[in-house]
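Hi everyone, thanks for coming.

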Amino acid sequence: MPKYEVIIHWSEEDQAFIAEVPEIPGCAADGPPYKEALANVEVVIQEWIETAKELGQPIPKPKGRLVFA
């Protein structure tokens with residue numbers, strides 16, 4: 001599986017950790033424990049890539065660590 005940057009943060013509103021993949025539009029998952037959020041986003045990344053392939057859509061190449069202002 002390609003290695004994308006994953007950003008994980010706590011959502012007070014959802015009472016769960018949110019794991020987001022900035023390089024893949026709309027790719028995110030959650031989980032009450034931190035490890036579950038990470039495991040869930042790994043599944044979502046794989047499903048996103050499989051769906052993009054089926055639809056003939058481009059798949060972003062992992063860029064590594066991103067810098068945010």
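Where does Asp14 lie? Asp14 sits in the loop between β1 (7-11) and β2 (16-20); strands here are DSSP runs of E, at least two residues long, numbered from the N terminus.

A quick word on what you're looking at: this is a predicted model, where local features need pLDDT of at least 70, side-chain atom pairs count only at pLDDT 80 or more, and totals for chains, interfaces and linings use all residues. Residues are numbered from 1 along each chain as its sequence is written, and side-chain values use heavy atoms, with hydrogens and water left out.

Asp14 counts as partly exposed because its relative accessibility is 45%; buried means under 20%, exposed over 50%, and partly exposed in between, with a 1.4 Å probe and protein chains only.

What is the phi of Gln15? Positive, about 55°, although Gln15 is not a glycine.

Now the strands around that loop. β1 and β2 form a hairpin with four residues between them. They run antiparallel and are joined by five bridges; two strands pair if DSSP finds at least two bridges between them. Ser11 stands opposite Ala16 in β2.

And which strand does β2 join through four bridges? That is β3, residues 28-31, and β2 and β3 run antiparallel. Here Ala19 stands opposite Ala29 in β3.
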